[in-house]
Amino acid sequence: MLAFSLLFSVLLVFPFSFEWPYKGQPNAIQQNNFGVHNLNTGKTYSAIKEAIDAPETLDGHEIFVASGIHYEHLTVNKSLSLIGEDRRTTIIDGKGEGKVVYVTANNVAVRNFTIQNGTIGLWLDNSHNSKIIGNTLQDGSYGIRLYDSRNSEITGNN
């Protein structure tokens, strides 16, 4: 009984909460609750760029991005997968300028995003064997641009 009372007292003083980082948190980024997850390392990040650039993010890793508006310009220079929670609600917004997603590595996958408000939504530059699947590209001069990129799959994009 004493152990139970002690545990109960500790929980009152130091309450904990667990939030599942995937489904059910559509406003995770807007609330800055670390809506970007490296599924291979288990680490969470407040920005997609931060997850890509992290030294523990290695080739072959998968980065899951929760629904929300992410105001970023990304350079993907590692062979990894960027996976949005839902293409309608997981938005990468370039704030009206530049390349929103710039891919320079081989074997990159970009799935389930809305990429918007940039001069170029998504640019594959010397990127081979990449997959751009199920994205919406809008409100920019160019949706997807490929430059010297071979054997890449571009399917199911609007």
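Modeller: 4 bridges join strand β3 to strand β6 (residues 81-84), and the two run parallel. The model is predicted: local features need pLDDT of at least 70, side-chain atom pairs count only at pLDDT 80 or more, and totals for chains, interfaces and linings use all residues. Residues are numbered from 1 along each chain as its sequence is written, and side-chain values use heavy atoms, without hydrogens and water.

Colleague: In which sense do β1 and β3 pair?

Modeller: Strand β1 covers residues 36-38 and β3 covers residues 62-65. Histidine 37 faces phenylalanine 64 in β3 as its opposite residue. Over 3 bridges, the sense is antiparallel.

Colleague: Why is strand β11 described as largely enclosed?

Modeller: Buried means under 20% relative accessible area with a 1.4 Å probe, protein chains only. β11 pairs in the parallel sense with β8 over 4 bridges, and with β14 over 5 bridges. The strand is largely enclosed by the rest of the structure because its buried residues number 6 of the 6.

Colleague: Which side chain makes a polar contact with that of threonine 136?

Modeller: Threonine 136 lies in strand β13 and counts as buried at 15% relative accessibility. A polar contact is a pair of N or O atoms within 3.5 Å; within protein, one must be able to donate a hydrogen and the other to accept it, and residues adjacent in sequence count only if both atoms are side-chain atoms. At 3.2 Å, the partner is arginine 87.

Notes:
Buried means under 20% relative accessible area, exposed over 50%, partly exposed in between (1.4 Å probe, protein chains only). Two strands pair if DSSP finds at least two bridges between them.
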